[in-house]
Amino acid sequence: MITNSPEETIAFGIQLGKRLAGNETIALYGELGAGKTTLIKGIVKGFGIEKTAKSPSFVMITEYTANGKVIYHIDLYRIRNIDEAENIGLLDYLTFPGVKVIEWAERIEELLPKETLRITLKIISDKTREINIEE
Ligand code: ADP
Ligand code: MG
């Protein structure tokens with residue numbers, strides 16, 4: 001999948017978000033600026049969370065809720081390893097009901113559930129991104 005603007009990446013995220021049942025774990029890979037956060041915007045919207053009560057549970061986790069639905073946006077940018085993740089209670093979130101979308105998921109790779117949906121974003125040029133979904 002190729003997108004040529006942030007809007008196209010959001011549109012792709014919306015399509016993905018629409019197909020979520022509500023308990024998925026989605027792992028996002030890709031360098032800084034690849035579009036992970038942009039994609040999440042679309043996923044949240046497509047999942048049906050339009051007006052959000054956006055409450056950061058703590059610095060690295062943002063919780064989006066509406067109509068009994070929940071998405072946890074977990075950003076592990078500042079986490080270096082699993083020990084650090086465990087120490088701040090991050091791993092508990094993996095067991096919570098709800099959609100979990102994880103940026104920098106490689107940092108807790110071995111803890112990801114078996115059925116995790118893995119998505120890699122790659123910068124091709126200024127406005128172009130390649131998005132690959134692996135199962
Ligand atoms: P990440 O979370 O992976 O660090 P962000 O989503 O925060 O990335 O930032 C992506 C940046 O790239 C934004 O500034 C966005 O405007 C820009 N951009 C340019 N083209 C695209 C595209 N096709 N898809 C997503 N973002 C794009
Ligand atoms: Mg980001």
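This is a predicted model: local features need pLDDT of at least 70, side-chain atom pairs count only at pLDDT 80 or more; totals for chains, interfaces and linings use all residues.
**View 1. Residues around ligand 1.** The shell (residues with a heavy atom within 4 Å) holds 17 residues, of which Thr-9, Gly-33, Lys-36, Thr-37 and Thr-38 come nearest. It divides into 3 nonpolar, 8 polar and 6 charged residues, where Ala, Val, Leu, Ile, Met, Phe, Trp, Tyr, Cys and Pro count as nonpolar, Asp, Glu, Lys and Arg as charged, and the others, Gly among them, as polar. Helices H1 (6–18) and H2 (36–46) each supply at least two shell residues, and H2 gives the most, with 3; helices are DSSP runs (H or I, at least four residues) and strands likewise (E, at least two), numbered from the N terminus.

**View 2. Polar contacts of ligand 1.** Polar contacts are pairs of N or O atoms within 3.5 Å. Oxygen atoms of ligand 1 lie 2.8 Å from a side-chain N or O atom of Thr-37 and 2.6 Å from a polar side-chain atom of Thr-38. A nitrogen atom of ligand 1 is 2.9 Å from a polar backbone atom of Lys-127. The protein covers 76% of the 570 Å² of accessible area (Shrake-Rupley, 1.4 Å probe) that ligand 1 has on its own.

View 3. Buried residues (under 20% relative accessible area, 1.4 Å probe, protein chains only) in H2 are Lys-36, Leu-39, Ile-40, Gly-42, Ile-43, Val-44 and Gly-46. These pack (heavy atoms within 4.5 Å) against H1 and strands S2 (25–29), S4 (61–66), S5 (69–75), S6 (99–103) and S7 (117–125). Just after H2, Gly-48 takes a positive phi of about 105 degrees.

Residues are numbered from 1 along each chain as its sequence is written, and chains are lettered from A and ligands numbered from 1 in the order written. Local features need pLDDT of at least 70, side-chain atom pairs count only at pLDDT 80 or more, totals for chains, interfaces and linings use all residues, and side-chain values use heavy atoms, leaving out hydrogens and water.

Conventions. A polar contact is a pair of N or O atoms within 3.5 Å; within protein, one must be able to donate a hydrogen and the other to accept it, and residues adjacent in sequence count only if both atoms are side-chain atoms. Buried means under 20% relative accessible area, exposed over 50%, partly exposed in between (1.4 Å probe, protein chains only).
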